[in-house]
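Have the sequence and the 3D view ready, and follow along as we go.

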Amino acid sequence: MLFRSIPITTPWKDEGLQGALYTFLQKGDTLPMHSHDEATNHITIVVRGSIVASGDNWQETGTPGNILSFVAGMPHEIVAQEDDTKILNIIKRISVSSVP
């Protein structure tokens, strides 16, 4: 059985934005299957390296600059395809009062 380690997580918060930078040290490092509610739902921006994000009956590859958007309640996991891969997750909070 191949052991996959989880990425190093660096949470951040600034001026109403909140998220986390994940550093996957080795190819195969995995952010295990999970999902989010409306309060913690996020987009993922691939900063360096490449990833495969997958869930129930879907899979998407991300490379630097790609943005992946997840729906609340959608199970997903993220696996690094290269050493030293970095992704940035930003929490999506849409206030009804801010939508025109």
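Is Trp-58 buried, partly exposed or exposed? Trp-58 turns out to be partly exposed, with a relative accessible area of 23%. For the labels, buried means under 20% relative accessible area, exposed means over 50%, and partly exposed lies in between (1.4 Å probe, protein chains only).

## Ground rules

This is a predicted model, so local features need pLDDT of at least 70 and side-chain atom pairs count only at pLDDT 80 or more, while totals for chains, interfaces and linings use all residues. Residues are numbered from 1 along each chain as its sequence is written, and side-chain values use heavy atoms, with hydrogens and water left out.

## The whole chain

Look for helices and you'll find 0, but there are 9 strands in the protein chain. Both kinds of element are DSSP runs numbered from the N terminus (helices: H or I, at least four residues; strands: E, at least two). Read along the sequence, the pattern is simply β-β-β-β-β-β-β-β-β.

Of the 100 residues in the protein chain, 36% are buried. The chain exposes about 6,300 Å², and carbon and sulfur atoms supply 57% of that; the areas come from the Shrake-Rupley method with a 1.4 Å probe, and for residues only the protein chains shown count as cover. Now take the contacts (heavy atoms within 4.5 Å): among those in the protein chain with a separation of 6 or more, 66% are between residues 24 or more positions apart.

Strands of a sheet pair through backbone hydrogen bonds, either parallel or antiparallel. Here, 5 strands make an open sheet in the order S1-S2-S9-S4-S7, with antiparallel pairing. Strand S1 (8–14) and strand S7 (67–69) are at the edges with a single partner strand each, so one side of each has no neighbour in the sheet. On average, neighbouring strands of this sheet are turned by 20° against each other, direction ignored. That angle is taken between axes, which are lines fitted to C-alpha atoms (for helices over the stretch in contact), and angles run from 0 to 180 degrees between N-to-C directions.

Strands count as paired if DSSP finds at least two bridges between them. Strand S4 (residues 42–48) and strand S9 (residues 85–91) run antiparallel and are joined by 6 bridges. Along them, Ile-45 stands opposite Leu-88 in S9, and Ile-43 has Ile-90 in S9 as its bridge partner. S4 also pairs with S7 in the antiparallel sense, over 3 bridges, and there Thr-44 has Leu-68 as its partner.

## The aromatic pair

The structure holds 1 aromatic pair. Trp-58 and Phe-70 form it, tilted, at 6.2 Å centre to centre with 55° between the planes. Rings of Phe, Tyr and Trp (its six-membered ring) pair if their centres lie within 6.5 Å; planes under 30 degrees apart are stacked, over 60 edge-to-face, and the rest tilted. The partners are 12 residues apart: Trp-58 is in strand S6 (residues 58–62), Phe-70 in the loop between S7 and strand S8 (76–80).

Phe-70 counts as buried, at 1% relative accessibility. Leaving out residues up to four places away in sequence, Phe-70 touches several others, including His-42, Thr-44, Ala-53 and Ile-78. The C-alpha atoms of Phe-70 and Thr-44 are separated by 8.1 Å, although these residues are 26 apart along the chain.

## A buried serine in a loop

Ser-50 sits in the loop between S4 and strand S5 (51–55). Ser-50 is buried, with a relative accessible area of 8%. Beyond its neighbours within four places in sequence, its contacts include Gly-62, Val-79, Glu-82 and Thr-85.
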